[in-house]
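This report describes selected features of one protein model. It takes up its pockets and cavities, then its charged contacts, and finally its backbone geometry.

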Amino acid sequence: MRQPSRVQRGDIGERAAEVFFLELQWGPLPTGVQDLGTDLFIQLRDESGVDLRLMLGAQVKTGDSWFDSPGTLDGKPGWWYKEPDKSHAEYWANHHVPHILVLQSEDRRRRVWAVLSKDTIVDTGAGFKVFVPAEQRLDPSWRETWVRYASESRVAPPLEGSRWNFSINELPRDEWARFALLAPRLVAPHPNKGYGTAINWAEATAICLQAESERWDGFAANLSAVPSSEDAQSADEAGWRFAAAVRQWIDEGSIELLEAFDAEANVALRVAKNVCLSVAYFDRQEFALAATTIDAEITDELSVDHVWLAVHRSRILAETGNADAALEQLAKANVEVASVAGDVTVSALRSSILWSLYELSDRESLDLSAVAPGMDTTTSWWRTQSVASGLESWTTRVFRGWGRDRAKRFGGSNAAHNELFSAALIARLAGDSSGYRSATTYMAMVDLAVPAEVNPPVSASLDSLRECGSEEELKLAIGRIKDEGPLADLRRSVAAITPQTITHTSWRADLVALSEAGGFYPPESAGPLITFLLTVLNDPKPFEDSYAVHVSVNGLLQAIAGLSPHLEEQDSERVVRYALGLDANASQIQENSLAALLRTLDQSVLERHESEFRLKADDASLPAWLRTIHAEYVTTSRDTIRPLLLNGDVRALSAVREFTNLNADEAQAMLKVATESLLGLRYGATGFGIGGPDMAQLALQIGVFCSLPAGIQTAISFVADPDALRTPKRNACKWLARQPDLIDEQWRATLRECLPGVIAESRSDPLASWLDEFGGAAHLLLLALLPEDDGARAELEAELVTGDEQMRFDACDYFARISGSEPLLLALARDSNYRVSHRAILALSHLVANSPSPQPAYLRALASFATADGEANALFILGGLESSPLSRPVRDIVQSLTEHQSAEVRSRAAKTLHDAKAIT
């Protein structure tokens with residue numbers, strides 16, 4: 001075999017150039033087979049050999065044929081270096097390391113060089129050319145020139161004042177679209193400049209990205225050179241058509257123009273269009289279409305646009321269960337982004353790559369300190385400013401409401417929403433999932449919390465919170481909307497969750513939505529979703545590996561429980577099989593969620609497995625918490641639970657079901673636990689236990705249901721103890737207030753004497769942050785003990801009604817037992833605090849149901865509350881009707897609730913009607 005002479009000349013020429021730079025005491029590093037357009041990377045040093053931390057790339061061409069195209073440029077003789085395509089031009093112009101071209105004859109007697117940059121590379125249509133001046137001979141005299149060139153190439157452009165001074169015309173036109181979409185703050189003309197100078201299509205696009213599209217209208221109205229957005233749709237210049245399509249997408253949510261847009265031969269516009277379309281398709285949960293849209297433009301060409309496309313492709317892969325493929329794509333993109341020239345859009349893309357790698361990888365193997373600086377980019381600063389501006393607008397709106405501002409303001413725009421929307425969209429287009437989630441979460445919170453003249457549908461805000469994985473915010477929002485509506489929006493949002501739409505980011509928030517509002521899920525569509533969740537529950541690893549997430553068993557169990565109205569028999573069987581399959585290594589974190597889910601299952605399914613539950617309950621190798629859960633479904637044996645009860649395990653009470661089922665010694669053991677716990681709830685004590693049952697209430701229940709007077713005495717003595725913490729006394733006081741006959745005369749006198757001190761207690765209660773405020777519990781008990789003609793009653797009643805929210809809450813319970821209190825309860829039903837208003841509705845409902853001749857005004861009020869959106873009013877009305885006879889007008893109200901939007905309300909209404917028949 002024979003080595004081609006061309007290759008031989010190239011190798012010898014590169015070695016000769018390497019020797020030249022070695023003689024300068026620099027460090028040339030040959031790239032060898034990795035050559036993509038660089039033969040040498042040269043480490044620059046000063047004359048004493050100290051490294052300057054600068055790098056220079058060199059492409060070396062050896063042979064006499066490279067001097068076959070002589071020419072002149074600016075009066076200087078030299079030679080034209082030409083290539084038939086643009087691949088190397090893009091590589092050199094965008095490389096983060098500055099490059100030079102070295103031409104040398106075969107005998108090396110003629111050696112010249114030229115800078116390779118956007119300024120020296122000339123587009124020839126299909127290819128490009130570079131002029132190499134004859135005067136630039138390759139010799140040591142250019143040493144300082146090369147150092148200066150490398151230094152200046154590394155200096156970032158000044159950004160202070162750039163929004164005022166920058167002009168997109170300074171950039172090549174094939175970068176306009178990318179800059180307009182990723183750095184619109186830089187591209188859009190400053191608002192204070194007015195409408196005196198015509199804008200181009202890139203500036204119009206940037207204006208739209210900042211959610212200020214009305215400024216485009218201002219330019220069009222004042223300058224004939226600027227087309228209106230309607231005229232731009234049919235403009236000759238593709239850029240204006242693109243701007244019009246982007247505006248339609250942002251302003252109207254329509255992608256009709258984007259889909260129809262033909263960028264013709266403009267690759268940069270095609271890439272920008274497809275990025276926008278891909279984001280739009282993804283938001284519509286058309287994931288496959290989003291992926292193919294990106295794939296249509298991805299090539300092997302090394303460019304910023306290729307990196308941009310790769311960032312979006314990797315995000316789609318990651319979100320849709322292809323984490324490994326996403327990581328592979330990101331790793332390649334991370335290498336490529338280092339090879340393109342740096343600008344604000346490149347740093348934005350690099351930031352997105354770094355965060356995605358960190359998010360999808362094993363975080364223990366990555367150094368966050370190396371990731372965080374890469375996230376701190378110019379475009380992220382600009383987006384942060386938009387977020388801050390949006391939150392400032394929102395704060396102003398809240399303050400004006402607080403200050404009872406009655407001023408009339410014209411215009412329907414929502415500045416807070418627009419600023420946050422802009423920040424979210426720009427982050428999204430850059431592939432910055434973290435920035436997008438943050439801004440979108442703020443936007444949804446603002447839109448939900450403070451009504452504005454122009455706000456998106458509530459379902460859109462719920463979807464945003466869910467798709468961004470904002471679990472805590474979503475849970476709060478769903479709770480509010482379940483109570484007060486609009487329930488139709490809640491139903492639409494929950495219905496959007498399917499096995500196909502769950503993503504890496506939305507996964508945990510999807511579970512929260514199902515847990516909180518699964519009853520609103522369409523019954524006809526629930527089957528596949530339940531099957532999917534049960535499959536993940538029984539074998540989470542495939543899902544974890546594909547989506548790069550941690551599966552929370554607790555969250556899964558709660559989501560399935562939320563969907564319990566839609567469980568079929570085979571679903572219940574799978575839940576039971578899961579519970580029976582747990583072994584000694586099962587995590588106790590799932591204890592409460594598993595117990596709650598099992599209680600929602602069809603009783604016949606549980607009864608079929610009683611023998612298996614008994615075996616598990618008797619299995620001493622299993623942890624006590626798991627055996628207790630199993631024992632709850634064993635009706636023929638107490639052997640498993642009894643030792644736990646005698647040992648003082650209060651969790652075992654759940655398996656007993658009713659206190660009346662306790663044996664005397666078991667009740668004594670439970671009372672002992674309660675008594676000992678109450679002794680620790682005193683001022684000055686340490687090591688308070690948080691969670692578990694209310695021990696004072698437990699003592700009362702044992703005393704009443706187990707005929708154990710010592711339990712009642714224990715609770716009463718705790719309430720009467722001046723050194724016992726006040727907050728834990730709340731439930732015991734309210735329980736005794738409802739059943740004052742349980743208190744003998746001796747204790748009545750003691751309580752009448754000590755309760756004023758409990759009411760006046762001002763010492764700091766260390767449990768106040770963990771338990772409900774004490775409120776008016778002592779007022780209620782004292783009122784239950786005082787004679788009807790006692791003068792202190794009026795003052796106690798007044799304190800209840802005029803006190804804080806917890807006092808007013810307790811006032812509702814008190815007046816619910818006093819005939820003629822309907823006007824007061826109706827007023828409290830309009831209380832500004834939702835807990836008070838709901839409690840008042842419950843109390844009013846109770847009074848009306850038990851009145852022999854309820855007033856029409858109060859019936860109309862209940863009917864009005866029943867028709868309000870949300871389920872809270874309806875549920876509290878039904879709560880007030882429990883164990884009450886129903887008059888015909890009240891029955892009609894309940895009957896109307898059997899058609900309610902909420903499945904829980906419908907079920908409760910049907911039960912109330914059934915129970916009322918039994919009472920009658």
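## Terms and model

A pocket is an open set of grid points with protein on both sides within 12 Å along at least five of seven lines, and its lining residues have an atom within 4 Å of a point. Helices are DSSP runs of at least four residues, numbered from the N terminus. The model is predicted.

## The second largest pocket

The second largest pocket has a volume of about 1100 Å³. It is lined by 36 residues, and those closest to its centre are Trp 249, Ile 250, His 417, Phe 421 and Met 443.

Two or more lining residues come from each of helix H10 (238-252), H12, helix H19 (415-429), H20 and H21. Among these contributors, H19 gives the most to the lining of the second largest pocket, with 8 residues.

The lining of the largest cavity comprises 21 residues. Phe 282, Arg 315, Glu 319, Arg 428 and Tyr 436 are the ones nearest its centre. The elements that supply two or more residues to this lining are helix H12 (267-283), helix H14 (304-319), helix H20 (433-449) and helix H21 (458-467). H12, H20 and H21 are likewise listed among the elements with two or more residues in the lining of the second largest pocket.

## Salt bridges and surface charge

Over the whole structure, 44 salt bridges are found. One of them pairs the side chains of Arg 466 and Asp 510, with an N to O distance of 2.9 Å. Arg 466 belongs to helix H21 and Asp 510 to helix H24 (residues 507-517), so this pair ties together parts that are 44 residues apart in sequence.

Asp 772, Glu 773, Asp 804 and Glu 805 form a negative surface patch. Of these, Asp 772 is placed in the loop between helix H39 (745-760) and helix H40 (777-785).

## Backbone geometry in loops

Where in the chain does Pro 486 lie? Pro 486 is in the loop between helix H22 (471-484) and helix H23 (487-495). The peptide bond that joins Gly 485 and Pro 486 is cis, with omega of about 5°.

Ala 211 is a residue other than glycine with a positive phi, near 60°. Ala 211 is found in the loop between helix H7 (201-209) and helix H8 (214-222).

Methods
Residues are numbered from 1 along each chain as its sequence is written. This is a predicted model: local features need pLDDT of at least 70, side-chain atom pairs count only at pLDDT 80 or more; totals for chains, interfaces and linings use all residues. Side-chain values use heavy atoms; hydrogens and water are left out. Patches are made of residues with over 30% relative accessible area and no salt bridge: like charges are joined within 9 Å, nonpolar side chains (Val, Leu, Ile, Met, Phe, Trp, Tyr) within 5 Å. Accessible areas come from the Shrake-Rupley method with a 1.4 Å probe; for residues, only the protein chains shown count as cover. A salt bridge is a side-chain nitrogen of Lys or Arg within 4 Å of a carboxyl oxygen of Asp or Glu. Lys and Arg count as positive and Asp and Glu as negative; His and the chain ends are not counted. The place of a charge is taken as NZ of Lys, CZ of Arg, CG of Asp or CD of Glu. On a 1 Å grid over the protein atoms alone, a cavity is a set of points where a 1.4 Å probe fits but cannot get out, and a pocket is an open set with protein on both sides within 12 Å along at least five of seven lines; lining residues have an atom within 4 Å of a point. Grid points are joined across faces, edges and corners, and a volume is the space filled by probe spheres set on the points.
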